Amino acid sequence: MTDTQTPPVTPYRSTAVPAGRDGFVQLLRAEWTKLRTVRRWGLTLLGAVLVTVLVSVFAATSSKVQFAGGGDRGPEPTGPGGVRIVDSFRYAHQALPGDGTITVRLAEFRTGEGSTPEWGKAGVLIKKDAAPGASYAALMLTPGHGVRLQNDFVHDRAGSNSPAGEPRWLRLTRDGTTLTGYESADGKEWSEVGAVTVPGLTGTVQVGLFVASPMVDTMDRQFGSVSVSSEPSRSTAVFDDVTVDGGSGDWRHTDVGEQPGGDGQSSGPVGGEGESSESGGRFTLTGSGDIAPAQYNTDLAAMSLSGTQLGLVLIAALGVLFITAEYRRGMIRTTFAASPRRGRVLVAKAVVIGVTAFAAGLVASVASFLIAQPILKANGHKPPRFPELQLTDGPVLRAVLGSAVLLALIAVLALGLGALLRRTAGAVATVVVLFVAPLVLVTTLPIGFAQFLQQFTPLAGFAVQETLTRYDHVATLCLPEEGCYPQGPWIGIGTLLLYAVAVLGLAVWRVRRRDV
Amino acid sequence: MDSIDGTVQVRGLRKRFGSVTALDGLSFTVTPGQVTGFVGPNGAGKSTTMRIMLGLDSADAGEALIGGRAYHALRTPLHEVGAMLDASAVHPSRRGRDHLLWLAHSHRIPVRRVDEVLEQVGLASAGRRRAGGYSLGMRQRLGIASALLGDPPVLLFDEPVNGLDPEGIRWIRGFLRSLAREGRTVLVSSHLMSELEDSADHLVVVGRGRVIADTSVRELLATASGDRVSLRTDARTEAMTVLAAAGATVASTGRDTLTVSGPSAEKVVQLLSGAGVPFSEISAHRATLEEAYMELTGDVLEFAAAPVDEEDAR
């Protein structure tokens, strides 16, 4: 400092400090410095990682899933493209060496004895051969979903909404590998259901009639516990006016997918052997089974990431404190005096806390997954009943990275709430009400209300931890207890993103207007 | 850096909080090169004014300009205005140096400047300790350091003397004066006039959201009751005669003491010596700033204590 007697009227000019700039990068750096220089906050982050991993490991250690009835499926065959499938049904068929057409009248379709499988199937089917997993195309009537044209297990196309109780004419035409389905109410006026290309249907194929009747899942859901029972079903279909153009050879009757000398773990129809008969051009087929992709009931990836549900509390507390600590001591005035554009300050804070929470969340979810998977396997969650998961599998990677994104968004949402409420206690309590309360409640509330919470509260973000592939053309139970979110992972995390952006936006709007 | 005339102008500020009028048309100007004291009783609107100057609160009417510009228009505020509003506005778990560090990063101020200002306020060794363990005096110094970080031509300090020990008070008085000598604009608020007595050159006195006086310290003292001289002499009668003849007002205040109003102490000595009147002691009694301030603010004290009835007090 100089003690020179400058005339007092000469205003001061700084020589000590070069003029800086107020870019956004400086703001980020300032906020990062704030975050890293409070040791307690570093410990909170570490605590969030530890809690997440420990709870995940605990969940893996103590996981018990019980199935009543026949949930214990044997190893499924795989279909074209390596998809795991269920392929067992009653088939009355003959050879089709080249192009041709099968036309039938489905006179009668009695489904179930007791319960009706919504995805029971009866109709015409062209298949490469009678082996499970062989390429196929089928035009069918279902009890719950009208007329469908399906091929190679994962592809499904809807026709009319014709009820199963009424007779329906069905026609399937093969032209090379192009299969075209038609339906009619009277056998005179036909409408096209669709045309599909099935690359596997080359050379001589089988053409015929089929019936399949999948397992019916029922659940008993009570406070904190769920039991799911799967009952086999049998259905009978009666066909008349059967004409096959281009067919050759005799009609044969096959239980596709049944392995002779079954050992109780066979992949054949669980509901017993199928029956079929023909008299005077009238075919009667009775059978069980399904033609569909196989689905797992237990999401092992989501289970090994379940610690996120508690880790979020610490992350949220940090997000709240990152702003309310400044309000509490009046430091926010220093912050806003140094950077008068308050909205940008809040956005910089959100970026810093979001990126930090993402990094901590990634460490936590990768560690949780890698530690919990071997424990789950040791607890009996192993193939063939359960999948073998790798960190690099697409859905697993989505769940692991998504969990980190989930924590980042929760941190941003908490920051926004902190800026709006300015009080630590109030903001933390709000986060708990928004996340933790629904997490506890979804397992106890009626399923409709639970699924509403899962879809429309910030809780939706947890959908990103799901790794099970669900098909619309397979009946599945979506249980909150099993971490099933009805809307799927992307919509789920998108919902949370909207919440975070909305709350932060509201906070920016308020902070710019309100006196500090 | 933009050319900045370091003048702070406050024009017609009005601000209400609910039904309470905090500022009621406040106007004054703070000029560079001197320490301006901003005084008034608690609740007079000093802190509100400073918050409006810093763009933290919005005024219902009027404006506060720094070098002719609103605070919001400043792109690098730390280089243009340094402020300390509340010394305890630091996170207790953060080290003092780290508190300055994040501020420095927000303006890309080099780290060496952080150590410079810590040195300047005498916190060089305490900078690596947590702010939660600081005494109030150390926090005041940290707050002043943060205001100096951008080496700005305008400095605003809200109650910087509050809670300081006598050594700290002496330090800050000298420090404020040296900042002003460098040509900076220095505005210092206080609710106690005595705190500013030795440091301020100019005073803005506020009460109930209005400016009561905007004047130099010298003028304020002159408007208060004039200077007096206390005199101790055994020859009381002779002294009274000589001084009264010279036009002074003389009052007897004791057996051998007199109070003389009018002539300066030097003049009194000259008169008595010329007349051969002996005296044993002579002292100039100056009106204090505090007395002048009490005279000014007597009617505007919002929470003035009721005058104590001496009979009851006994």
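Trainee: How many residues of chain B are in contact with chain A?
Mentor: In this predicted model, 50 residues of chain B are in contact with 41 residues of chain A. Two residues are in contact if their C-beta atoms, placed from the backbone, lie within 7 Å.

Trainee: Which helices of chain B each supply at least two residues of the side that touches chain A?
Mentor: They are α2 (96–106), α3 (111–120) and α5 (166–181) of chain B. The most comes from α2(B), with six residues. Helices (H or I, at least four residues) and strands (E, at least two) are DSSP runs, numbered from the N terminus.

Trainee: And by class, what does the side of chain B that touches chain A have?
Mentor: That side has 18 nonpolar, 19 polar and 13 charged residues. Ala, Val, Leu, Ile, Met, Phe, Trp, Tyr, Cys and Pro count as nonpolar, Asp, Glu, Lys and Arg as charged, and the others, Gly among them, as polar.

Trainee: Before we go on, how are residues and chains labelled, and which pLDDT limits apply?
Mentor: Residues are numbered from 1 along each chain as its sequence is written, while chains are lettered from A and ligands numbered from 1 in the order in which they are written. As this is a predicted model, local features need pLDDT of at least 70, side-chain atom pairs count only at pLDDT 80 or more, and totals for chains, interfaces and linings use all residues.

Trainee: Now chain B as a whole: how many helices and strands?
Mentor: Chain B has 11 helices and 14 strands, and its C-alpha trace spans about 75 × 50 × 45 Å along the principal axes. Of the 314 residues in chain B, 46% are buried. A residue is buried if 20 or more other C-beta atoms lie within 10 Å of its own, exposed if 12 or fewer, and partly exposed in between, with C-beta atoms placed from the backbone. Among contacts in chain B with a separation of 6 or more, 70% are between residues 24 or more positions apart.

Trainee: What domains is chain B divided into?
Mentor: Domain 1 covers 8–222 and domain 2 covers 227–286; these bounds come from an automatic or database domain assignment. Taken over C-alpha atoms, the centres of the two domains of chain B are separated by 45 Å.

Trainee: Which way does phi go at B:E159, positive or negative?
Mentor: B:E159 has a positive phi of about 50° although it is not a glycine. Most residues other than glycine have a negative phi. B:E159 sits in the loop between β7 (154–158) and α5 of chain B, and it counts as buried because 22 other C-beta atoms lie within 10 Å.

Trainee: And B:R208, where does it lie?
Mentor: B:R208 is in the loop between β9 (202–207) and β10 (210–216) of chain B. Its phi is positive as well, about 50°. B:R208 is partly exposed, as 19 other C-beta atoms lie within 10 Å.

Trainee: Turning to chain A, at what angle do α2 and α4 pack?
Mentor: Helix α2 (residues 39–61) and helix α4 (residues 308–329) of chain A pack at about 165°, with their axes 7 Å apart. Therefore α2(A) is roughly antiparallel to α4(A). Axes are lines fitted to C-alpha atoms, for helices over the stretch in contact, and angles run from 0 to 180 degrees between N-to-C directions. Angles under 35 degrees count as roughly parallel, over 145 as roughly antiparallel, 65 to 115 as roughly perpendicular and the rest as oblique.

Trainee: Which residues make that contact between α2(A) and α4(A)?
Mentor: Among them are A:W41, A:L45 and A:V55 of α2(A) and A:L310, A:I315 and A:L321 of α4(A). By class, this contact has 11 nonpolar, five polar and no charged residues.

Trainee: What about α7 and α8 of chain A: how do their axes cross?
Mentor: The axes of α7 (residues 394–421) and α8 (residues 424–441) of chain A come within 8 Å and cross at roughly 140°, so α7(A) is oblique to α8(A). A:A414, A:L417, A:G418 and A:L421 in α7(A) meet A:G426, A:A427, A:T430 and A:V431 in α8(A).

Trainee: Last topic: is A:S135 buried or exposed?
Mentor: A:S135 is buried, with 21 C-beta neighbours inside 10 Å. A:S135 lies in the loop between β5 (121–127) and β6 (136–142) of chain A.
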